[in-house]
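Please open the model in a viewer and keep the selection tool at hand.

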Amino acid sequence: MNTATQVSPTTRAAAISASGLRKSYGDKVVLDGIDLRIPEGTIFALLGPNGAGKTTTVEILSTLITADSGQARIAGHDVTSDADSVRRRIGVTGQFAAVDGLLTAEENLLLMADLHHLSKREGRRRAAELLERFELTEAARKNVATFSGGMRRKLDLAMTLVGRPRIIFLDEPTTGLDPRSRRVMWELIRNLVTDQGVTIFLTTQYLDEADQLADRIAVLDHGKLVAEGTADELKRTIPGGHVRLRFADEAHLATAAGFFGTAARDDESLTLRIPGDGTLADLRAVLDVLDSTGIQAESLTVHTPDLDDVFLTLTGRQNAPTHPNPQKESAR
Ligand SMILES: Nc1ncnc2c1ncn2[C@@H]1O[C@H](COP(=O)(O)OP(=O)(O)OP(=O)(O)O)[C@@H](O)[C@H]1O
């Protein structure tokens, strides 16, 4: 049963909360007052350019380092004063797979089961179950050194799940994977939330990853959260939306241009670009003008800003490639 979809996210208890988190290294302020509230059973994506402080945030929330000031709670437990309780409830999958290349997939999982004090029998059962769920059964007895990047990432996530964490931190889980392997990872991540109601805190440089997976997205830049919301909310906060009308000939284009005062006209493509916010009301207003004036348009397309536009506007920087370099797939 999927309890996650039965309660509205806003009324669910917070799995992760933070207020006023600050961290500096020497003179360099890395986090400059971070506030977060992430409801149970949701996926949260922290998006930001290189060096924005994403990993530092994960390190503080997962008790690896301490903040200089501010507070954070994981499942109600303070990350500083109650770090052991926090560690028992979380799983962390890092940017670089923590698997041991000299062991087989099964041995890696059994090692993890030992670390979690599972009995031999329970450990073997859990390893078999995870290998099957992650479609690694056939490769279970092979050395991980022979695995592709996608298989290593899957195994890394499987190892995190041995301890049945309720809250999972995924630091750039698909960096370096080819598009197909990324989709497989996305599906596995989604299933964790829908089937088991776990909470996922994800960092990523890939806007499409945040768009695909996250219930809510926050954009981190220079140690501050510069925006937070659903993908759609973020897209609506910035300009760039428009309706594009294409006409059969210049005469129609010229007539229409007279009625849409703010539109940008392109004689070559016979189009008018009418700025707006991409909402239904916006579209209706354009259709009303066409109806009332009797102007015929050949085609109409609605453009809403994508997360790339949001990222660029908020951080003033072009994002890292939206699609990772497939050549890294075979990186060991
Ligand atoms: N142990 C440390 N000592 C000194 N500076 C550090 C340390 N850890 C991180 N930093 C600095 O803090 C800043 C933020 O680093 P962080 O790794 O959190 O960024 P990030 O957003 O995860 O970036 P990336 O996407 O490149 O992983 C960087 O300028 C980094 O050089």
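Which residues touch the most other members of the largest nonpolar core? Select Ala45, Leu47, Leu61 and Ile200: these four hold that position among the 52 residues of the core. A nonpolar core is a set of buried Ala, Val, Leu, Ile, Met, Phe, Trp, Tyr and Cys residues joined through C-beta atoms within 7 Å. A residue is buried if 20 or more other C-beta atoms lie within 10 Å of its own, exposed if 12 or fewer, and partly exposed in between, with C-beta atoms placed from the backbone.

Two remarks apply to every stop. This is a predicted model, in which local features need pLDDT of at least 70 and side-chain atom pairs count only at pLDDT 80 or more, while totals for chains, interfaces and linings use all residues. Residues are numbered from 1 along each chain as its sequence is written.

**The whole chain**

Display the C-alpha trace of the protein chain, which spans about 80 × 45 × 40 Å along its principal axes. Its secondary structure comes to eleven helices and 14 strands; helices (H or I, at least four residues) and strands (E, at least two) are DSSP runs, numbered from the N terminus. Of the 332 residues in the protein chain, 39% are buried.

**The cores**

Return to the largest nonpolar core, with its 52 residues. Next, select strand E3 (residues 43–47), which supplies the largest share of this core, five residues. Then centre on Leu61, which touches Ile16, Ala18, Ala72, Ile74, Val79, Phe169 and Phe201, leaving aside residues up to four places away in sequence. Contact here requires C-beta atoms, placed from the backbone, within 7 Å. Apart from this core lies another, of 20 residues, including Ala105, Leu109, Met112 and Val162.

**Helix H3 and its partners**

Select helix H3 (residues 105–115) and helix H4 (residues 120–133), whose axes come within 9 Å and cross at roughly 135°. Axes are lines fitted to C-alpha atoms, for helices over the stretch in contact, and angles run from 0 to 180 degrees between N-to-C directions. H3 and H4 are therefore oblique to each other; angles under 35 degrees count as roughly parallel, over 145 as roughly antiparallel, 65 to 115 as roughly perpendicular and the rest as oblique. In H3, Ala105, Glu106, Leu109, Leu110, Ala113 and Asp114 meet Gly123, Arg124, Arg126, Ala127, Leu130 and Leu131 in H4.

The axes of H3 and H5 come within 9 Å and cross at roughly 25°, which makes H3 roughly parallel to H5. At this contact, Ala105, Asn108, Leu109 and Met112 in H3 meet Leu155, Ala158 and Met159 in H5.

**Two loop residues**

For the last stops, inspect the backbone. Most residues other than glycine have a negative phi. Select Arg164 in the loop between H5 and strand E7 (167–171). Arg164 is not a glycine, yet has a positive phi of about 50°. It counts as exposed because it has 12 C-beta neighbours inside 10 Å.

Finally, select Leu270, in the loop between strand E12 (264–266) and strand E13 (271–275). Its phi is near 55°, a positive value in a residue other than glycine. Leu270 counts as partly exposed, because 18 C-beta neighbours lie inside 10 Å.

Terms used:
Two residues are in contact if their C-beta atoms, placed from the backbone, lie within 7 Å.
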